[in-house]
Amino acid sequence: PEPEQAPLDPRHIDQGRPLWLHRSAAVEAFGWDVRTVRSPQMLPRLRPDPANLLCFHRGEEGEGVVLRIDDESARAVELIALRPGEVNAAEIGEIIGSHRPPEALLGKLIAQGVIRGAES
């Protein structure tokens, strides 16, 4: 059997390593507001606050987690979901048109366990 690859390091991403998404991860775009409203009087004053929410389970069966992520990160997650193990960090940045370094684009998601460097 082949040895397992070391986990991805969110601070120093190997740009050529294929990426996979945690099997429970999904992104949903909300066009209005996802903030908590503490009183009905606040409702008329709220302005649209579009958001991408990434939902996943910590670990394999752990607690549910919801993260608010930016548009570029949402596109990166969707791309990995469409092409698991076929794209790497360098290609993702190029495909989605991001000029952010891979650590800035993907580091938070790798640290959370959403993006992995091996199939799971």
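Let's start in the middle of this chain. Its largest nonpolar core has 26 residues. Four of them have the most contacts inside that core: Leu54, Ile92, Leu106 and Ile115. Keep in mind that this is a predicted model.

Who builds the core? At least two residues each come from β3 (51–57), β4 (64–69), α1 (71–82), α2 (89–96) and α3 (102–111). Which element gives the largest share? That is α1, with five residues.

Now step back to the whole chain. There are three helices and five strands. Read from the N terminus, the order is β-β-β-β-α-α-α-β. The C-alpha atoms fill a box of roughly 60 × 35 × 25 Å along the principal axes. The chain has 120 residues, and 36% of them count as buried.

Next, contacts along the sequence.

Let's zoom in on α3. Which of its residues are buried? They are Pro102, Leu105, Leu106, Gly107, Leu109 and Ile110. An α-helix has 3.6 residues a turn, so residues three or four places apart point the same way. What covers the buried residues of α3? The cover includes β3, β4, α1, α2 and β5 (115–116).

Just after α3 comes glycine 113. This glycine takes a positive phi of about 85°.

Now over to α1, and to serine 73, which lies in that helix. Is serine 73 buried or exposed? Its relative accessibility is 5%. The cut-off for buried is under 20%, so serine 73 counts as buried. What does serine 73 touch, not counting residues up to four places away in sequence? Its contacts are Arg100, Leu105 and Leu109. Leu105 and Leu109 are two of the buried residues in α3.

The accessible surface of the chain is about 7700 Å². Carbon and sulfur atoms hold 53% of that surface. The chain carries 14 positive and 19 negative charges. How far apart are the mean positions of the two sets? They are 10 Å apart.

That's my tour. Thanks.

How values were computed
Residues are numbered from 1 along each chain as its sequence is written. This is a predicted model: local features need pLDDT of at least 70, side-chain atom pairs count only at pLDDT 80 or more; totals for chains, interfaces and linings use all residues. Side-chain values use heavy atoms; hydrogens and water are left out. Helices (H or I, at least four residues) and strands (E, at least two) are DSSP runs, numbered from the N terminus. Buried means under 20% relative accessible area, exposed over 50%, partly exposed in between (1.4 Å probe, protein chains only). Accessible areas come from the Shrake-Rupley method with a 1.4 Å probe; for residues, only the protein chains shown count as cover. Lys and Arg count as positive and Asp and Glu as negative; His and the chain ends are not counted. The place of a charge is taken as NZ of Lys, CZ of Arg, CG of Asp or CD of Glu. A nonpolar core is a set of buried Ala, Val, Leu, Ile, Met, Phe, Trp, Tyr and Cys residues joined through side-chain atoms within 4.5 Å. Contact means heavy atoms within 4.5 Å.
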